[in-house]
Amino acid sequence: MPSEPKLTVAVTGPTGEIGRAFLRALDRRRNVGRVLGMARRPFDPREQGLRKTEYRQGDVLDRGAVEELAAEADVLVHLAFIVLGGHAETRRINLEGSRHVFAAARQVSRFVYTSSVAAYGFHADNPQPLTEDVAPRGTEAFYYSAQKAELEQALEEELAGAATETYVLRPCIVAGPDALVLMRQLPQARVPGPLRKAVPPVLPDPGIPFQLVHHDDVASALVAAVRGAGEPGAYNLAGDGTITLADLARALGWHAIAVPAPLVGLAAFGAKLPLMPSLAQWVNAARVPVLMDTAKARRQLRWRPRHDTLATLRETVAAARERGVV
Ligand SMILES: NC(=O)c1ccc[n+]([C@@H]2O[C@H](COP(=O)([O-])OP(=O)(O)OC[C@H]3O[C@@H](n4cnc5c(N)ncnc54)[C@H](OP(=O)(O)O)[C@@H]3O)[C@@H](O)[C@H]2O)c1
């Protein structure tokens, strides 16, 4: 039987929390021959034990660099994004940079973009759980959410009529031992080690359930999309089960104080520490549950997440403890 042709996969933003896990997963795939990564920081694939990855420094704001990256690829995967950043910086990189990548996607056979649960927006009248049939409306006051919704629309417009097969993945909060951003936002993680004891080990808990997905499970869904498993389209990604901030407190050996949802912004992470604007927006958004149904990814992509939400939380906390993050 003739063997499957080996794919060349180009990835923007391969050095981030999802990207690192994705590169490791691509490296293990027999039908992937080359992986071309591009982000701004220096990165040595060999140091990470990656045999198929070639890395170049480049910025998605540089249209020529994006076009060159895509020109060599069968499949283009767009992960480059600013998740927690200021309004102006995120607008420029996320909206302008992503539009460059969407335009370049016309040259490849398959395009994979990681949107987010935030694209749906945090609306009390959204069905629970959300399926992919619900329109991604975004929440105007939460700029990450508004940008994710705007970009899904822009992508549809850009690739209308193109031959490119397009997959849009919508993960919930990503965690795991190599994705500690969630842990780094806790007040204890944001003060120098010796001062940490001064911050009480308490989290305000509005009791709103949320989901986590392990970085390796996001990576396996990305690999399925790269292979063209199932129909092109949008896919929710979340681990089984839900947790609340009380579960997070318990996993850390801390206490949780029940706080009514409307007050969570005020009590947010307890402290008088200034919240980064983007984080404050996440905390405010967390007053409304946004739980996703993942049946479509399981059915079409044959996605089988290996970690549920609680197990992902525990692994993340253990890694954060080991690395002295909290
Ligand atoms: N983490 C989550 O909880 C989560 C959940 C749902 C969806 N997502 C989505 O998944 C995608 C990847 O997220 P992530 O968690 O891996 O983010 P991350 O850890 O912050 O990584 C972002 C990546 O983008 C690169 N990047 C940023 N600005 C760039 C630019 N101007 N040009 C080229 N590369 C740039 C970064 O590298 P340099 O800084 O070196 O350039 C890095 O490789 C994003 O679209 C995000 O919205 C994430």
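Arg-30 is exposed, with a relative accessible area of 76%. Exposed means over 50%, buried under 20%, and partly exposed in between (1.4 Å probe, protein chains only). The model is predicted: local features need pLDDT of at least 70, side-chain atom pairs count only at pLDDT 80 or more, and totals for chains, interfaces and linings use all residues. Residues are numbered from 1 along each chain as its sequence is written, and side-chain values use heavy atoms, with hydrogens and water left out.

Arg-30 sits in the loop between H1 and strand S2 (32-39). Helices (H or I, at least four residues) and strands (E, at least two) are DSSP runs, numbered from the N terminus. Ala-21 belongs to helix H1. Ala-21 is buried, at a relative accessible area of 1%. Its C-alpha atom is separated by 27 Å from that of Pro-289, 268 residues apart along the chain.

The ligand is surrounded by 27 residues. The closest are Thr-15, Arg-40, Arg-41, Asp-59 and Tyr-144. Polar contacts are pairs of N or O atoms within 3.5 Å; within protein, one must be able to donate a hydrogen and the other to accept it, and residues adjacent in sequence count only if both atoms are side-chain atoms. A polar side-chain atom of Thr-15 lies 2.6 Å from a ligand oxygen atom. For Arg-41, a polar side-chain atom lies 2.7 Å from an oxygen atom of the ligand. Val-60 uses a backbone N or O atom, 2.9 Å from a ligand nitrogen atom. On its own, the ligand has 880 Å² of accessible area, and the protein covers 90% of this. Accessible areas come from the Shrake-Rupley method with a 1.4 Å probe; for residues, only the protein chains shown count as cover.

The second largest pocket has a volume of about 380 Å³. A pocket is an open set of points on a 1 Å grid over the protein atoms alone, where a 1.4 Å probe fits, with protein on both sides within 12 Å along at least five of seven lines; lining residues have an atom within 4 Å of a point. The volume is the space filled by probe spheres set on the points, joined across faces, edges and corners. The lining holds 18 residues; Ala-25, Arg-28, Asp-216, Ala-219 and Ser-220 lie nearest the centre. H6 gives the largest share, 7 residues.

Terms used:
A residue is near a molecule or strand if one of its heavy atoms lies within 4 Å of it.
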